[in-house]
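These are my notebook entries on one structure. I record below what I looked up, entry by entry.

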Amino acid sequence: MIASSQSLDNIGRKVSNGEVLDQEDIIFMYDEADLNMLGKLASSLMTRISGKKVSFVSNMILNYTNICNVRCNFCAFYRTGKEEDSYLLTKEQVVERIRPFYEKLGITQLLIQGGVNPDLDLEYYTDLFRLIHQTYPKLGIHGLSTSEISFISRKSRMSVRDLLETLVESGMESIPGAGAEIFSDDVRKLLGRPPGSGKQWLSVMEEAHKLGIRTSATMMFGHVEESRHKADHLLSILQLQKKYHGFLSFTPWNFEPGNTKLQETAGIKYRSGGMDVLRNIAISRIVFNSDLPIIQSSWLTNGIQMGQMAILFGANDWGGTIYDEKVIPATGKSVGNLRKESIINSIRQIGMIPVERDNLYRPIDTTG
Ligand code: SF4
């Protein structure tokens, strides 16, 4: 315990002096550091950045197709296109699905992503984004994973840079961080991700940041990864962030094994426990500190009470209402609806101040 305390003190000193932590520091925090002390350090850094304010967004997630030719071992959502429950929404269906959430619940962010559907070409996306933008002008479109973007770029024989410019002209505002998982190819091989797809994620994000497009970053933990893989993942994101400051937020989220191939092949019966979730939140805050100031708790995978605990361990964004999400229910886990009022209440219950934000993390209404 004394050794942990002293080492964590050194890490705290490094962070306060603005030094970048190294792989060893991060592995120590994963494998040896006392969780409560990690939480204390992370929470003090969070308070310096945002005081008692915790942001959240009114949003929906629209999964426009579940047909995907990547077929990751950790994904329960995808279909090959032959199953009865395979689907692809037309642009008119997408617009109608958004309507009640925009008109009645006042969402300001649309997170739109799906499978890598080989039948879709660039026009599907540009027409779709244009129509959404014209119909719901106050909605920030947070669209497409790096896997979808890379595929469309190859299919349309367009550079990623030109494609991103075209998508932005059509109405896309920012890019979600999906597909990052863990960057190491050794891990990705077991996850069923193509080799080089970790580097591809970083390179699409770099192109976006060069163009001034803001994006999110993520990490999926609780499967076959080791602490060193998580350390390298966090450091790769930090390195890119120091170059362009294009990431708006970071979300560490845990693998949901239900109905996935990985559940069988790697024998993972259960998702990570609460201590693991909090450790990942706290370490993310300590590693990124003010370089990537928004750390998001993931209530969708961990529930409301863990969402509250994550705030006390260094997160300062609740995430969103995420109406209509389809990926997590595919694992067999039931996801309740979380209205804006419940989020405000959950944040107030832990003595913090809820601040509603838009897609680009600008406050739109101080409800506290
Ligand atoms: S995680 Fe994404 S890319 Fe992988 S199979 Fe599922 S939908 Fe396809």
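Does Ile 67 count as buried or exposed? I first noted the basis of the entries: this is a predicted model, in which local features need pLDDT of at least 70 and side-chain atom pairs count only at pLDDT 80 or more, while totals for chains, interfaces and linings use all residues. Residues are numbered from 1 along each chain as its sequence is written.

**Entry on Ile 67.** I found that Ile 67 counts as buried because it has 20 C-beta neighbours inside 10 Å. A residue is buried if 20 or more other C-beta atoms lie within 10 Å of its own, exposed if 12 or fewer, and partly exposed in between, with C-beta atoms placed from the backbone. Ile 67 belongs to the loop between β2 (59–62) and α4 (91–103). Helices (H or I, at least four residues) and strands (E, at least two) are DSSP runs, numbered from the N terminus. Setting aside neighbours within four places in sequence, I listed the contacts of Ile 67 as Arg 79, Gly 81, Ser 86, Leu 88, Gly 115 and Asn 117. Contact requires the C-beta atoms of two residues, placed from the backbone, to lie within 7 Å.

**Entry on β2.** I looked up the side chains of β2: Asn 59 and Ile 61 point one way, Met 60 and Leu 62 the other way, and all are buried. In a regular strand, side chains alternate between the two faces of the sheet. I then found β2 paired in the parallel sense with strand β3 (residues 109–112) over 4 bridges; pairing needs at least two DSSP bridges between two strands. Leu 62 stands opposite Ile 112 in β3. From β2 the chain crosses through α4 to β3, a right-handed β-α-β crossover. Right-handed means that, with the strands pointing away from the viewer, the path from the first strand over the helix to the second runs clockwise.

**Entry on β6.** I noted that strand β6 (residues 214–221) is largely enclosed by the rest of the structure, because 7 of its 8 residues are buried. Which strands pair with β6? Strand β7 (residues 247–254) runs parallel to β6 and is joined to it by 7 bridges. Here I found Thr 218 opposite Thr 251 in β7. I also recorded a right-handed β-α-β unit made by β6, helix α10 (residues 227–244) and β7.
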